[in-house]
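Please keep the structure in view while reading.

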Amino acid sequence: MRILQLHCDSIEYNPTKKEIKSAEEINPEFKRFEEVVVVFVAIENGDDSEIAQNAITEIKSSMSKVGCKRLLLYPYAHLSSNLAAPSTALSILKQMESLASDLEVSHAPFGWTKSYNVKVKGHPLAESSKVFSKDIPVHMHDHAHDDEGQASEALKSESKIKSFWYILSTDGTMTEVEKFNFAKHEKLEILAKYEAAKKRAVDEPPPHVKLMKKMAIADYEPASDSGNMRFYPNGRLIKSLLERFVTDQVKEYGGLEVETPIMYDSHHPSMESYFNRFPARQYNINTEGKQLFLRFAACFGQFLMANDFQISYKNMPMKLYELTRYSFRREQSGELVGLRRLRAFTMPDCHAFCTDIPQAIEEFKKRFDLSRHVLKEVGIEDSDYEMAIRFTEEFYNENKSSIEELVKKLGKPVLVEMWKEKFFYFVLKWEFNYVDNLGKASALSTDQIDVENGARYGIRYFDESNTPHHPIILHNSPSGAIERVIYALLEKAALDQKEGRKAQLPLWLAPTQVRIIPLKDEFLNYCEELADKLSKNEIRVDIDDRNETLGKRIRESETEWIQYTLVIGEKEVGKTTLSIRDRKTGNVRELSLAEFVNEIKEQTKDKPFTKLNLSRNVSKRPQIMV
């Protein structure tokens, strides 16, 4: 169902003729309504009573915000090309009218051509459009306050912050957002508008939702809390490889991997204080006289651990790292969609404990490079994201050259949010934001300079004269949440499809890298031997041994985004080379086994490997219903 909702001074319409045979039987007459919310509605194939209920709930909620109690439902087929049958559409329209019976509600005649005049009010909430679908979970239409997630004081006050928005160019020029020429920076303009509006909720499912289901990667878990996902074998494999790659990169950088609990006593002095400085909603658990909360980051676990360390200035910067599976944040319902924003997510979290601001800034630069490298290696290029950097005015004035150096290194303008005074525990934060196909921005890599928590957690290091000091702490996730990386890769794939290119995951992340298809059962043994040889070279290979036509099996290899397909018949068994169908180029090439292995190894070099996470023989796999 698609709706266009208008808060109007007035609307008047006049039915002129029946448009379809099953149009409502009415006496055509001119109608005029004043002070009314008009909802133009297109009822689509698959809509039902549940969709009608969701739509009316959302309509009522928005009407209460504008203080209007008069509703006109106006059937409007032009909003969709996937319309329900007329009888179904009329039935659902009447259901919606009935569900809104506590309002002054009516509907315009169904199935009639009508002339109309409408005068829309000029306030910010006067116009909105929404989509209601089975592909959009019910919780996405619920924008009411989420009382189950206790909000920190920082979060409650965040909306009251006075932010000053600029664009910082590579030459160091700072331009007010409204005066900047975005002609060559379309995505940056989208990010700027998105951040200024702070509208995180979505009105329709982004393209990656369809792909994550189609590729049997992930899906919503209806038996859990919203924002908690199930990952199928393909998804678990992709997640596992990303987790291992990011962890390896952080350890190579010098991170010391640790593990900390997922729940803490909310009345622990450092917990209570930090909670009210961190902008997040938390899950609470009451047990055995204690009020616990599920962690929303790895920060406090690592800080409590560092508190127990004996740290010398010679150990600095000291880097602690944890891949949190999971961190929990009770995000608002309307923001939860697909893999973009979750309530339980896997976050690589690396803290560096530094002696002072100069050392922190030098380390900050190294982690900036680390983050760019990690994203590039997982398949996300500089051109795929836009940078936002946030700081206090005082910190900017004292460290302009270092901030400008980061922007120059990125090689394109960035969005700046400046605060006149310190509001959070950090004085500087940057993030790389992926801008998706619906114009929503989501942070991937990020880092912060934290000037409070060294003292808050009693963390100390000793200088050359054995004098104790509290460290400056950096908070870095070099990739962002692992689930969000998958979201970005799938959104990129969706854009490729839209623009006529073939969607593809990087080869090292592909659940199946090579598929072998025997023309007949008599060639199955040869296929098994070939698969064994490829597997010994750490290549994920499967065999489509189903009793299906060759055409269907080749098509399914294509739709599963498998880069290499080998069809094995009598001719292929007798050759010393392999006939390889390359999905990326669309060509069939002749390569020796060694050449083929080397080609794959070159594309997966320096990346982790794991074996297939499904049966090698496609015939033995369960069909995942998504």
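In what order do the five strands of the open sheet lie? In this predicted model, the order is S28-S27-S29-S30-S31, and the pairing is mixed. Strands S28 and S31 stand at the edges with a single partner strand each, so one side of each is left without a neighbour in the sheet. From one strand to the next, the twist averages 30°.

| Strand | Residues |
|---|---|
| S27 | residues 514-518 |
| S28 | residues 541-543 |
| S29 | residues 564-568 |
| S30 | residues 578-582 |
| S31 | residues 587-591 |

Strands S27 and S28 run parallel and are joined by three bridges; isoleucine 516 has isoleucine 543, in S28, as its bridge partner. Helix H15, residues 550-559, lies across S27, S29 and S30, and runs at about 175° to S27.

Turning to helix H13 (residues 482-498), its 17 residues should span 24 Å at 1.5 Å a residue, and because its end C-alpha atoms are 25 Å apart, the two values agree. H13 is mostly covered, with 13 of its 17 residues buried, and just after this helix glycine 500 takes a positive phi of about 85°.

Notes: Residues numbered from 1 in each chain as written. Predicted model: local features only at pLDDT ≥ 70, side-chain atom pairs only at ≥ 80, totals over all residues. Heavy atoms only, no water. Pairing = 2+ DSSP bridges. Helix = DSSP H or I, 4+ residues; strand = E, 2+ residues; numbered from the N terminus. Axes fitted to C-alpha atoms, helices over the stretch in contact; angles between N-to-C directions. Contact = heavy atoms within 4.5 Å. Expected span 1.5 Å × (residues − 1). Buried < 20%, exposed > 50% of the residue type's maximum accessible area, 1.4 Å probe, protein only.
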